[in-house]
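Subject: Structure handover

Hello,

Here is the structure I promised to pass on. Please open it first, then read my notes below.

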Amino acid sequence: MDSKQFTICYCRVSTREQADEGYGLDAQESKCREYIKLYGYEEEVKIYRDEGFSAKNMKRPMLQKMLDDVEKGAVKRVIIYKLDRLSRRVVDTYKIINMINEAKCQLISVMDRLDITTSNGKMVLGILSVIAEWEQNVISERTLDGLAAKASKNQYPFSRVPFGWDKDEDGYLSVNKREAEIVNKIVDLYLEGENLLSISTYLEENYQLHMNSLNSIKDLVKRDINAGIFKYRGKDYPGIFPPIIDAQRHEMAMDAYTHRQINDPERHKYLFHSKVYCMCGELCEQSSTIKKTNNKPFKYFYYVCPSCRRRVNQDRLLSSVSVLLLEHLNREEKTEDISLIHAELEQLEERAQGLADRYFSQEVQEDIYLFSMKEYQKKRTALENEIKVLEMIDAREFFNLEWRERKNLIDRYISSVTYDMVSKVLVKIKFKR
């Protein structure tokens, strides 16, 4: 059985047109029915009427119902009084006609004497496509010019306001203090080396803020608008965004972001990844070389200052840092620290269970759930290893630890390391606690 089993007559009129131009819905329907009778179409006829709807867009209930029926393959032909009943915008008219054409339906415009299945109809469709593209380009250019004109007056040109600011009725931005505080805290945690999952957990526990994805946190960190930098169409507009982060901290955040994006398959072997700073203030880059020792290849890891171009070997840096790290650990009560880690493990289990509950109630998307649970498991393993290490660690045993255990300790306790590349001296360690 042919699925295209009925004809649609689509009629539309706005209130003003009905009064001024004299062809109302009944008149349109009558003309369409006369055409059907003249050509003897035998299938069922359905009348779709949009009354009081402007043709400025496609948001009309019966038009959408008609297009839905066309897409389902239930329509053999569409008959209209005139083309402008579909839309007064060439772009929209072309879209509608093209949808009907792709569904292999016949479109007939009675007063325009147009049938898109004929050669003349196909020619008109081609002309409409060219005009539609031109019209769309003109509209886009006018829109872009209008947005640029607003930006030149220090008005934010878009409707959606970024997290951290409020917009008044005139389009000017002001700092939202609570949201700005959150952005600053995210940047602080990111600079301290916290991973995205830890930051997400912190936001939920301290601000009751649930991010749509972990990448949303990363996007907040790297935004130039945090420092008041707004670019539109290649031009800077410095007066639109009141800064919520000073320029120096933003630069540090961008450096940290850039270093975290390194796609080195051995990135995890850099014990001080994104933590080493040169005396000149630059965040060091990572590099490695392979040398032969006793005729066997051995890989050495380095931290290189991009400004001074001097470097420090990771083993040498580790020797300098380990003494101060062990002193820091020994100053703390190990029993208390281990108890804190046990408490952290319990909180982690609760958060994982809460995430699972939200997933099964369809509040969390599957990709976010799977990624988060994987991160939770990694965090749990790391915490359990930290307990084992703290229970047995002393100065003699530190260098006998597996590199993963050493890295876990460094990540947990050290925020940054400043090293004098010239005199080869450790200048400063910034501890997280």
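Start with helix α13, residues 403-413, which lies across β14 and β15. The helix runs at about 95 degrees to β14. Please keep in mind that this is a predicted model.

The sheet under discussion

β14 and β15 belong to an open sheet of three strands. The order is β10-β14-β15, and the pairing is mixed. Which strands are at the edges? They are β10 (276-278) and β15 (425-431), and each pairs on one side only. From one strand to the next, the twist averages 25 degrees.

Now look at the pair formed by β14 and β15. Strand β14 covers residues 414-420. Its pairing with β15 is antiparallel and spans six bridges. Tyr-419 has Leu-426 of β15 as its bridge partner. Asp-420 stands opposite Val-425, also in β15. The two strands form a hairpin with four residues between them. In that hairpin, Lys-424 takes a positive phi near 60 degrees.

As background, strands of a sheet pair through backbone hydrogen bonds, in either a parallel or an antiparallel way.

The five-stranded sheet

There is also an open sheet of five strands, again with mixed pairing. Its order is β2-β1-β3-β4-β5. Strands β2 (44-51) and β5 (114-115) are at the edges. Each has a single partner strand, so one side of each has no neighbour in the sheet.

How many bridges join β4 to β5? Two bridges do, and the strands run antiparallel. β4 is made of residues 106-109. Ile-108 has its bridge partner, Asp-115, in β5.

A helix packs on this sheet as well: α2, residues 25-39. Helix α2 touches β1 (6-13), β2, β3 (75-80) and β4. The direction of α2 makes about 150 degrees with that of β1.

Two packed helices

Next, go to α7 (residues 196-207) and α8 (residues 214-222). Their axes are 9 Å apart, and the helices pack at an angle of about 90 degrees. An angle from 65 to 115 degrees counts as roughly perpendicular, so α7 and α8 are roughly perpendicular to each other. Which residues make the contact? From α7 come Leu-196, Leu-197, Ile-199, Ser-200 and Leu-203. From α8 come Leu-214, Ile-217 and Lys-218. Of the residues in this contact, six are nonpolar, one is polar and one is charged.

Is Gln-248 buried or exposed? Its relative accessible area is 60%. Exposed means over 50%, so Gln-248 is exposed. Ala-227 is 21 residues from Gln-248 in sequence. In space, the two are 8.9 Å apart, C-alpha to C-alpha.

The whole chain

Last, some totals. The chain has 433 residues, and 44% of them are buried. It holds 13 helices and 15 strands. Take the contacts in the chain with a separation of 6 or more: 61% of them involve residues 24 or more positions apart. The chain exposes about 24400 Å², with 48% of that supplied by carbon and sulfur atoms.

That is the tour. Over to you.

Best wishes

Notes
Residues are numbered from 1 along each chain as its sequence is written. This is a predicted model: local features need pLDDT of at least 70, side-chain atom pairs count only at pLDDT 80 or more; totals for chains, interfaces and linings use all residues. Side-chain values use heavy atoms; hydrogens and water are left out. Axes are lines fitted to C-alpha atoms, for helices over the stretch in contact, and angles run from 0 to 180 degrees between N-to-C directions. Angles under 35 degrees count as roughly parallel, over 145 as roughly antiparallel, 65 to 115 as roughly perpendicular and the rest as oblique. Contact means heavy atoms within 4.5 Å. Ala, Val, Leu, Ile, Met, Phe, Trp, Tyr, Cys and Pro count as nonpolar, Asp, Glu, Lys and Arg as charged, and the others, Gly among them, as polar. Two strands pair if DSSP finds at least two bridges between them. Buried means under 20% relative accessible area, exposed over 50%, partly exposed in between (1.4 Å probe, protein chains only). Accessible areas come from the Shrake-Rupley method with a 1.4 Å probe; for residues, only the protein chains shown count as cover.
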